[in-house]
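Come along while I look a few things up.

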Amino acid sequence: MSTAVVQTPGEEPGAGRSLWMDAWRTLRRNRAAVVSAVIIAVMAVLVIIGPLFSSYDYDFTDWGNLPMGPSLETGHIFGTDTLGRDLFVRTLFGGRISLMVGVVATLVSLLIGVSYGATAGYVGGRVDHFMMRIVDILYAMPFMFFVILLMVLFGRNIVLIFVAIGAVNWLDMARIVRGQTLTLKHREFVEAAEAQGVSTFAIIRRHIIPNLLGVVAVYVTLTIPQVILVESFLSFLGLGVQEPTPAWGLMLQGGAEEFAESAPWVPIFPGLAITIAVFGFNLFGDGLRDVLDPRLRSR
């Protein structure tokens with residue numbers, strides 16, 4: 001029996017179309033997703049190399065300009081705060097912290113959630129029931145309470161912030177992966193592997209998890225902005241990153257306390273950075289979901 005190869009204009013004869021190639025072509029036609037991806041990439045580049053082009057460090061105090069509004073003459077293009085520190089550099093350094101927390105904490109929750117959900121869904125039975133009841137119990141407890149409790153018990157080290165947020169943010173991923181695994185475990189290739197005597201761990205690693213990459217990719221892009229908001233909220237409350245290290249939430253907290261009326265530029269720039277990052281990741285995640293979910297693509 002011959003298999004027809006779907007071919008698009010401009011594609012070389014005989015070239016097959018994989019799921020990811022097809023998804024990439026579709027994603028490029030989604031303008032909102034493409035623009036969001038460009039914004040995220042530009043923001044990532046700026047927070048990494050942007051401070052190198054400034055003549056100020058994030059903790060340098062310019063005693064002659066405190067606080068001062070945005071000015072090109074003095075080189076403080078975002079202005080300075082009450083201590084005369086350059087807001088442009090501090091906003092970019094705060095972006096490093098917030099994006100790093102978003103990515104690392106998401107990877108922590110990803111590792112736990114995917115492993116937990118795939119194991120529960122594939123093994124099934126009493127093991128599945130017991131593991132998901134644990135998830136239900138944790139769901140019933142306040143998410144923010146766990147994060148604050150972990151940080152109070154183990155300190156406010158930046159690494160612990162990554163672990164604390166990621167360690168309590170895996171519940172959604174576990175449920176999503178478990179539901180997808182329940183469907184995959186009855187597919188022909190999984191049953192064939194079982195018939196050949198492949199171990200449970202090998203089936204989960206080689207067959208279940210690779211077929212969850214689409215769902216996982218979408219979840220990652222939608223979780224990163226959520227984690228950024230959580231970190232900003234904790235820093236705003238004084239439970240996250242501590243001075244003099246800048247973070248968007250910490251900068252908002254300082255601006256809201258003293259400069260909401262007299263120096264509005266202090267909270268505006270970190271607040272704008274948070275808004276752009278959150279909207280960028282959410283719009284890109286929505287576009288990626290539309291591309292990778294066949295039910296949405298068929299509409």
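Predicted model: local features only at pLDDT ≥ 70, side-chain atom pairs only at ≥ 80, totals over all residues.

Is Asp-81 buried or exposed? I looked up Asp-81 and found a relative accessible area of 6%. Buried means under 20%, so Asp-81 counts as buried.

Next I wanted to know where Asp-81 sits. I found Asp-81 in the loop between H2 and helix H3, which covers residues 87–123. Its side chain reaches the backbone nitrogen of Leu-83 at 3.0 Å. I then listed what Asp-81 touches, leaving out residues up to four places away in sequence: Leu-66, Pro-67, Leu-87, Arg-90 and Val-266.

The largest nonpolar core has 37 residues. Met-173, Ile-208, Val-216, Ile-228 and Trp-248 have the most contacts inside this core. I noted the elements that give two or more residues to the core; among them are H2, H3, helix H7 (171–184), helix H10 (213–236) and helix H12 (265–292).

Setting aside neighbours within four places in sequence, Ile-228 is in contact with Ser-98, Leu-99, Gly-102, Trp-248, Ala-277 and Phe-281. I also noted a second, separate core of 17 residues, including Val-101, Ala-164, Ile-165 and Val-241.

Ile-49 belongs to helix H2, residues 31–49. With a relative accessible area of 35%, Ile-49 is partly exposed, whereas Asp-81 is buried.

Notes:
Residues numbered from 1 in each chain as written. Heavy atoms only, no water. Helix = DSSP H or I, 4+ residues; strand = E, 2+ residues; numbered from the N terminus. Buried < 20%, exposed > 50% of the residue type's maximum accessible area, 1.4 Å probe, protein only. Polar contact = N/O pair within 3.5 Å; in protein donor to acceptor, adjacent residues only side chain to side chain. Contact = heavy atoms within 4.5 Å. Core = buried A, V, L, I, M, F, W, Y, C linked by side-chain atoms within 4.5 Å.
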